[in-house]
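Please consult the sequence and the structure shown below.

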Amino acid sequence: MTVKTIKVDQLARVEGEGALKVVARDGVVQSAELNIFEPPRFFEAFLRDRMYTEAPDLTARICGICPVAYQMSAVHAMENALGVVVDGPLRALRRLIYCGEWIESHTLHVYMLHAPDFLGYEGAIEMARDHADIVRRALNLKKAGNSIIALLGGREIHPINVRVGGFYRTPRKRELQPLAEDLKRARDWALATVRWTAGFDFPDVERDYEFVALRGMGEYPFSQGRIASSRGLDISAAEYDEHFEETQVEHSTALHAHIKARGPFLTGPLARYALNAASLSPLAREAAQEAGLGIVCVNPFRSIIVRAVEVLYACDEALRIIDEYEEPERPAIDIEPRAGAGYAATEAPRGMLYHRYRLNADGKIADARIVPPTSQNQPSIEEDLKTFATAWLDLPDDALRRRCEQTIRNHDPCISCATHFLRLEIDRGG
Amino acid sequence: MDRARPKLAVWKFASCDGCQLSLLDCEDELLAIAGEVEIAYFLEATRATVEGPYDLSLVEGSVTTAHDAARIQDIRKQSRFLVTIGACATSGGVQALRNFADVREYAAIVYARPDYIQTLATSTAIAEHVKVDFELRGCPISTRQLVEVISAFLAGRKPQTPPHSVCVECKIAGNLCVMVGHGTPCLGPVTHAGCGAICPSYNRGCYGCYGPMETPNAPSLSAWLSKLGMDEDALKRVYRTFNANAEAFRKESERHDR
């Protein structure tokens, strides 16, 4: 029997610390493990006995790349527990800040973390030596997203202006106008990004994923909608625990999530697109069609195109919100603490993010549970490797290692989130 | 002729990745910085790595595992100039809340098999383990201050990061004092400047994410906060966030933890 092991001890161009180990026997991949060794930080433990008002700022610190997602899941879950609904312009502003995070985070991933795999560079800085104009476009597009977060949130990373019930201060209509000028340019760059990524060389592979995402009511989902799947799941966030379970494996400080009695599933851009493509803006829909995406995309390598389409959508949606914005009378609605349980799932750039809280009558957190997108995607990422890597076993070690890394980056794993990254080890015998 | 550029390394310990992301968030300066230094080790951005020693090491995150406690020693040996970036690296970060609790209980709350989890009982700042040449504050750091630190290093001068309180930044910004003006509790008087007084500019009290200023008088501030209606538990919690293990904040929170 020939045994082959391929290891990557420290994966680059992902957020956080992880490693990969692939074991092959007689030319067939037997197992693939994504080892997450990011040290645990125990958020769910120290959230206990904190006030409900503190959860958005505390949970934001789980991830510096998608803090808005953590803040949004936290505020929606708290509002669910406290029996209030934030609507109108405050809801529109929340969509707007989420647009900013999708633009910033997706652009970082598309250009700086993922594209170098397709074009044969070690990273974006090396890519900039040959493609300075493209990297400059990336930085400008990313900056447009960050400008939204900075204006609405006070700063790009760990924004300070989001609170349960709304915001601390809402912008005047005229403050948003300069953003609109930036976003019109950003929309052109985003369209160019879709066309650029559609021209990459993609391995011809497919996977039969169960896609899980929010299904927005007539709008592409950020924070609202039911949790739906491509195999008929249709539940509210409050029912999440009945249908999903997390298990712990020894090789990871991140928990692994499964659909009960069914197994791995996939969240993120491919899932959102599969369940909501009809709700994209006309421009984003046309661009997706021109890029050859179809109504569903089951080749994870092409997720880079879907991310680019979502950036284009986020630019369009942000422009719509700014255009229709009416200043709210008050920056936040009044809230009285009470005992209860609250649930929310929102769409972080890399996938669905679930929060659940139980509150005491004085508003203190009795119990918290957070399921980040990478925990949910980790079993599917391992399945991707198991499914695809057999065909690549004849590649030289370095090429095989790069392919495996790329396969992981297809899903933009955020290891900081999931632990709460990557050594690659490929064992192919011989 | 190609001149030798200083070698820059970026290291990660327990953290959210936000502070090293701040380097990639320098959208207007990133390519210029990449022209002045050799990015020798920065895994979030590139898989290409160059062997040490390194001229400038930026360290993000706190020490929470025995492995990391050994790793920082090795990084120090390989680094000519070592700068910590952010609240985790300079004070232990939000994960230092475990320092006030029993970490075994924490692990049992989060994990079904806490025995698989290897972690230290405390989360500690980098300076508790090795000599640190400069500490940059903030949760997260300010990109403007990060560019200042790198520029100062390249010019061979001391970085200009004023140690006064957020109050001074509010005065510079022309903000109405949120505490005096509308009775909003604010940690600005004891908090290190650097953010530009963002929270008060958004009608919110400062929550101390840059950690304590030089010589803060936290007991005096607590007396004022108490007059604004904060009870002992609220006073304990307000100092126990992203810099809970910074000495001045730790002591003040312990005074209200009875």
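The following paragraphs treat the chain interface, the domains of chain B, side-chain pairs and the backbone in turn.

The model is predicted: local features need pLDDT of at least 70 and side-chain atom pairs count only at pLDDT 80 or more, whereas totals for chains, interfaces and linings use all residues. Residues are numbered from 1 along each chain as its sequence is written, chains are lettered from A and ligands numbered from 1 in the order in which they are written, and side-chain values use heavy atoms, with hydrogens and water left out.

**Interface of chain B and chain A**

Contact is defined by heavy atoms within 4.5 Å. The interface takes 69 residues from chain A and 57 residues from chain B. Between them the two chains bury about 5,600 Å², with 61% of this on carbon and sulfur atoms; buried area is the accessible area (1.4 Å probe) that two parts lose on being put together, summed over both. On the chain B side, the most area is lost to chain A by B:Glu27, B:Arg47 and B:Tyr202, which together make up 16% of what that side buries.

Across this interface there are 8 salt bridges, a salt bridge being a side-chain nitrogen of Lys or Arg within 4 Å of a carboxyl oxygen of Asp or Glu. One of them links A:Glu54 to B:Arg237, with the closest N and O atoms 2.9 Å apart.

Several helices of chain B, including α1 (18-24), α3 (66-78) and α11 (232-239), each supply at least two residues of the side that touches chain A. Helices (H or I, at least four residues) and strands (E, at least two) are DSSP runs, numbered from the N terminus. The largest share of that side, 5 residues, comes from α5(B). By class, the side of chain B that touches chain A divides into 31 nonpolar, 11 polar and 15 charged residues. Here Ala, Val, Leu, Ile, Met, Phe, Trp, Tyr, Cys and Pro count as nonpolar, Asp, Glu, Lys and Arg as charged, and the others, Gly among them, as polar.

**Domains of chain B**

Chain B is divided into domain 1 (7-155) and domain 2 (166-255), with bounds that come from an automatic or database domain assignment. Their C-alpha centres lie 25 Å apart. In the contact between them, 18 residues of domain 1 of chain B meet 16 residues of domain 2 of chain B. The two domains of chain B bury about 1,300 Å² between them, 53% of it on carbon and sulfur atoms. Between these domains the count is 0 salt bridges and 8 residue pairs in polar contact, both at pLDDT 80 or more. On the side of domain 1 of chain B that touches domain 2, α4 (87-91) and α6 (143-155) each supply at least two residues. The residues of that side comprise 8 nonpolar, 7 polar and 3 charged.

**Side-chain pairs**

Over all chains the structure holds 53 salt bridges. Within chain A, A:Arg185 forms one with A:Asp182, the closest N and O atoms being 3.0 Å apart. Both residues lie in helix α7 (residues 173-198) of chain A, 3 residues apart, about one turn of the helix.

**Backbone features**

| Peptide bond | Omega |
|---|---|
| B:Gly52 to B:Pro53 | near 0° |
| B:Cys139 to B:Pro140 | about 5° |

B:Pro53 lies in the loop between β2 (38-41) and β3 (54-60) of chain B, while B:Pro140 is in the loop between β5 (134-136) and α6 of chain B. In chain A, A:Phe42 has phi near 65°, a positive value in a residue other than glycine. A:Phe42 is found in the loop between β3 (28-36) and α1 (43-46) of chain A.

Terms used. Polar contact = N/O pair within 3.5 Å; in protein donor to acceptor, adjacent residues only side chain to side chain.
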